[in-house]
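Please read the points below with the structure open beside you, and take them one at a time.

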Amino acid sequence: MTGPESVPARGVAAAATRLESFSYDDAIVRKFLFATILWGVVGMLVGVIIAIQMAYPASNVAPYLTFGRLRPLHTNAVIFAFAGNAIFTGVYYSTQRLLKTRMYSDVLSSLHFWGWQLIIVAAAITLPLGLTQTKEYAELEWPIDILIAVVWVIFAINFVGSLIKRRERHMYVALWFYLASIITVAVLHIFNNLVIPAGPFTSYSIYAGVQDAFMQWWYGHNAVAFFLTTPFLGMMYYFMPKAAEGPVFSYKLSILHFWTLVFMYIWAGPHHLHYTALPEWASTLGMLFSIMLWAPSWGGMINGLLTLRGAWHKVVDDPVLKFMVLALTGYGMATFEGPMLSIKSVNALSHYTDWTIAHVHSGALTWNGFFTFAMIYWLAPRLFQTDMYSKKLMNTHFWIATVGVVLYILSIYSAGVTQGLMWRAFDETGRLQYPDFVETVARLVPMYWVRVVGGTLYLAGAVLFAYNIVKTWAKRPAAYTVPVIQAPALSKTFVPEPLRPGVDVPATAWGRFVNMTFHRAWERMPVTFSVLTLVAVVVASLIEIIPTFLIKSNVPTIASVHPYTPLELAGRDIYIREGCVNCHSQMVRPLRFETERYGEYSKPGESVYDHPFLWGSRRIGPDLAREGGLKSNLWHLRHFENPREVNAKSLMPAYTHIITNDIDFASIQKRVDVMAMLGVPYGDAVGKAPDMARAQANAIADDLVQTGGAKGFATKEVVALIAYIQRLGKDIQGGPQSATAKGGYSRSPATPNARQIASPIPAVPSTIAPSGGGRP
Amino acid sequence: MSLTQIMSGANLDHYAQVSLVLFLFAFVLICWRVFSPRFKATYDRAARMPLDDDNPQTPRRGGE
């Protein structure tokens, strides 16, 4: 490891050309580097805490530190704080050097850095407070979303501005990956976070049900693609050749890798919604594109690994290369498994289980984590202009983290497959072998403890990493040397370069075409290119998503489905605030083992008033789509008070604060009004929502007293939450509505009972039009 | 006539085929460009770009 290049550096030897002098801004890279390390340790620590909470439920500290509120904090911290700052570190370092220019504006760089850290701090405060939009990886509420959009645009201007003032004609492939990521993330973020505020930190998604789910997983999958994959691939194409001290194995392959990834990734999102109420054509489209992604992903991985051809002996000696090799191997494993999990029949087993969690972590801990460690270990001696503090600690970190990853993913793969198989097991009489859901969770607890050990080892490695970097920083010189680079500016008039020395490009049109003169012309228009790319991304996305919005046959309406009563809506907001969706799905798939366990499968038309949708992606607790009316109000009250008193093996945290907190009746009107603005037919409820809520709350409180409970719950939050849960799945059951529901709007006549749980093949109510994707 | 009716009435089935052909054409063009031997030297130079932080790699002549 050596310091920076000699000072002053040589410029290009071109006597006739006027050379410009400039220097690279490494101070901003150092800032992002420290932010990466800090948030990495914090995010991983929160991960270990929630891992413990799953193995040992008493470690939930309500209200602020429960699994439901901390899980989004963990995901946001590791994705947007740790990986995000790592991306900015790598991008700011490599972009300047690949373009032979300083960043466009130091002020914008600084605004970008501090703005992003402000967002992270805001997230760390609001998420434990329960201020959430609930959609995965898009939980942050609307004021923070606006800040994210502003900071991202600052980053984009700074990046594209640097492209414009570059002194290198060709844009290296890493820069293409960066640009695609910047543009796509902006589009994803804005479209998925379109909400109508109902208060300073409350809002409702403008989309509902199927459309919201589609939008969310179009976003969610592409957050993985364009936040955790393409920027890291761009950095891989810069830092891997740097560390291996040789060019990438095949530059041609890297170009194909780029184009195929950006063409395909944007379509893959629907594979998160197999067998749900999403139309089947969309889910099949998502599956096919996911399978096609196998090819470019593995092409890229092999390209990265083969960059080490002739240099494998260095891997033994250089911890940076060790981390990089393991990162690329992890990328290969995760991108092999991803397409496999997107195949519907595999997904039927894996969905809602820990298999997904194992898949995510095998990718994130190795590809994103190990790559970030490698990159920072490579950068530290260069940025701090001294040798690494300890190479031995780097090796120790590598082995601790590797063992941690192995323990984590082995235990959680086992947990996922175990639970998936238990859910679908039938005994010889054709009944569910494990009808009690909690049996399938209790079986996982030993594996959850192994995960705690694995995660702790990984965290310990990260702490060693932080220590090693800080110690290296402490050895820095009193003042950093800033090399002055000299290079000529790109001329305004472009002369096509000869393909072979001495052979000029023919002046004919055909000659210009086969020599790709037009391509060189395109390369000179980064802004035009960015705008056109933006248009292409938006159009491609809309072709996939708009049909579910605007073609009626895709979401058949159900006459008996009505809006939530004002009290149920307030209860739903508590459900969202507590992050219940992190453990409970509300989406019964049309698979026999699901309909046997939960009842009639979910229809697209059932969630048309769900702003946002709450289908969920994971079942640590049972599905709740058909929960309404299954248990008494009193059971729910006792269950919230102490779940383990009702169900000894339950992993659910106790929610005593819901029982003592008062319902905010005053805010209910505003919530109903916003829903009405979004097109939910509230009719009479607009204007008298709090009164209706009080009436329904009194009815539930009376019922609690009659069934042997205590008095005085009529104004408590728990009553609203019970009202919401008792409503779930009732709409398509027909018959009299829940006795507690006292809506002020008209209801259609009773519909046939759809939930003949006893019958082996559930009947589809005749009022429901054939659904686009469901199958019995 | 609402947008919903227009979208439902438009036969969007063709869009998938049209985009398939467009994407395939773009892909073939990219492959041709990437694997054409006449660009080998250009790519070999581009591949070395990360290795030198001080000197622009793109060759210049004339006013460049």
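1. The side chains of A:Arg97 and B:Asp53 meet in a salt bridge, with 3.5 Å from N to O; a salt bridge here is a side-chain nitrogen of Lys or Arg within 4 Å of a carboxyl oxygen of Asp or Glu. This pair crosses between chains, running from helix α2 of chain A to the segment after α3 (40-47) of chain B. Over all chains, a search of the whole structure finds 28 salt bridges. Side chains of opposite charge can pair when their charged atoms come close.

2. A word on the basis of these values: this is a predicted model, in which local features need pLDDT of at least 70 and side-chain atom pairs count only at pLDDT 80 or more, while totals for chains, interfaces and linings use all residues. Residues are numbered from 1 along each chain as its sequence is written, chains are lettered from A and ligands numbered from 1 in the order in which they are written, and side-chain values use heavy atoms, with hydrogens and water left out.

3. Helix α2 (residues 67-99) of chain A packs against helix α3 (residues 106-126) of chain A at an angle of about 170°, with the axes 10 Å apart; helices are DSSP runs of H or I with at least four residues, numbered from the N terminus, and axes are lines fitted to C-alpha atoms over the stretch in contact, with angles from 0 to 180 degrees between N-to-C directions. The two helices are therefore roughly antiparallel to each other, a term used for angles over 145 degrees. The contact (heavy atoms within 4.5 Å) includes A:Phe80 and A:Phe88 of α2(A) and A:Trp116 and A:Ile120 of α3(A).

4. A:Thr134 lies in the loop between α3 and α4 (142-164) of chain A. Most residues other than glycine have a negative phi.

Methods
Parallel < 35°, antiparallel > 145°, perpendicular 65-115°, else oblique.
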